[in-house]
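Please open the structure in your viewer and keep the selection tool at hand.

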Amino acid sequence: MVIAIDLGSNTFRVALIKKLQNGFSNEQIYEKIVGAARGLNESGKIGLEAKNRLFEAIAEAKSKFDFTKFKCVAVATEAFRVASNSEEIFSEIREKFGINFHIIDGQAEAKLTFLGVQNALRKLGINDKFSIIDIGGASSEIGEDGKFISFKFGIITFYERFKALDLMQENAKIYTKEAREFLTSLDNRLIVLTSGVPTTIAALKLELNYESYDPKKVSGYEFKNDDLAWFVNKLLKMDDKSADVAVGRSRKYSLIAGTLLLEELLSGQKAKFIVIDDGLREGVGAAYLQGIFQEIITKF
């Protein structure tokens with residue numbers, strides 16, 4: 001078994017991954033919103049508040065997982081690829097917590113996410129060819145096996161750039177143009193939606209809130225195009241306090257931003273859409289247990 005950590009631009013996710021005869025399973029999971037990309041557009045740095053939230057999350061994870069018994073493999077993504085103080089933060093983490101983070105590029109992130117999704121689909125009995133869309137906090141990964149691109153837009157950076165709903169609606173099409181064209185070039189009969197926006201939409205449709213969220217119920221949810229407008233309208237009708245309960249603290253507006261981006265990406269697609277909770281975290285564990293993790297992060 002291995003402890004796999006995905007430190008995204010918004011969420012810190014940890015899982016204890018076990019190798020099975022026919023794949024991999026999550027034996028224990030933990031996640032927390034740390035918002036690493038908040039303020040990144042303006043400062044070019046991971047902010048002090050985000051750093052403090054991250055350190056609190058790592059301390060919590062260390063209290064829940066047996067880091068002395070299992071190997072830990074940790075990756076960080078776009079916010080840490082671009083922030084000027086990433087190395088300083090990771091040096092402090094190594095010293096304080098004994099965890100060594102690999103800052104991986106967008107191609108490696110997409111490949112590892114694909115592996116995590118593939119394993120989850122197999123557990124659901126789905127072996128069809130598929131594409132992935134993973135809209136993160138500061139970047140978005142799209143592709144199919146052997147063909148991935150990482151795009152420089154994410155739900156936090158997009159929201160912080162425009163803030164107003166009308167401006168986000170005006171600019172979502174512009175921001176996603178290249179990504180939409182790339183997605184259309186793929187063989188899309190099945191598109192898997194992973195990351196916080198689609199999983200939160202699926203959870204709300206299943207009448208789950210942030211505290212009652214269940215990845216096993218969410219994975220396999222068949223997504224409909226009208227789920228997107230439904231979700232935005234639902235959030236806009238909620239006051240901030242109700243939204244904090246429904247979708248998590250301070251997530252309302254970045255989730256609306258992400259939904260507008262996803263709506264543009266899916267526009268015109270005739271594929272079947274499935275939501276999968278598993279992603280980069282699970283892919284990191286699967287790749288390590290297969291002995292291909294190092295090859296993937298150095299290849300791309």
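Helices (H or I, at least four residues) and strands (E, at least two) are DSSP runs, numbered from the N terminus. The model is predicted, so local features need pLDDT of at least 70 and side-chain atom pairs count only at pLDDT 80 or more, while totals for chains, interfaces and linings use all residues. Residues are numbered from 1 along each chain as its sequence is written, and side-chain values use heavy atoms, leaving out hydrogens and water.

Select the 6 strands that form an open sheet with mixed pairing, in the order 8-7-6-9-11-10. Two strands pair if DSSP finds at least two bridges between them. Strand 8 and strand 10 (221–223) are the edges; each has a single partner strand, so one side of each lacks a neighbour in the sheet. From one strand to the next, the twist averages 20°. For angles, axes are lines fitted to C-alpha atoms, for helices over the stretch in contact, and values run from 0 to 180 degrees between N-to-C directions.

Now zoom in on strand 7 and strand 8, which run antiparallel and are joined by 5 bridges. Here G143 is found opposite F148 in strand 8.

**Second stop: the helices on the sheet**

Select helix 5, which lies across strand 6 (131–135), strand 7, strand 8 and strand 9 (190–194) and runs at about 120° to strand 8. Next, select helix 9 (residues 196–205): this helix packs on the sheet and touches strand 9, strand 10 and strand 11 (272–275). The direction of helix 9 makes about 110° with that of strand 10. Contact here means heavy atoms within 4.5 Å.

How many salt bridges does a search of the whole structure find? The search finds 21. A salt bridge is a side-chain nitrogen of Lys or Arg within 4 Å of a carboxyl oxygen of Asp or Glu.

Select K51 and E92, whose side chains meet in a salt bridge at 2.9 Å, N to O. K51 belongs to helix 2 (residues 48–64) and E92 to helix 4 (residues 86–97), 41 residues apart. Is K51 buried or exposed? K51 is buried, at 16% relative accessibility, whereas E92 is partly exposed at 33%. Buried means under 20% relative accessible area, exposed over 50%, and partly exposed in between (1.4 Å probe, protein chains only).

Move to D145 and K111, where the closest N and O atoms of the salt bridge are 3.3 Å apart. D145 lies in the loop between strand 7 (140–144) and strand 8 (147–151) and K111 in helix 5 (residues 106–123), so this pair ties together parts 34 residues apart in sequence.

Finally, select R13, E31, D277, R281 and E282, which are linked in a network of salt bridges.
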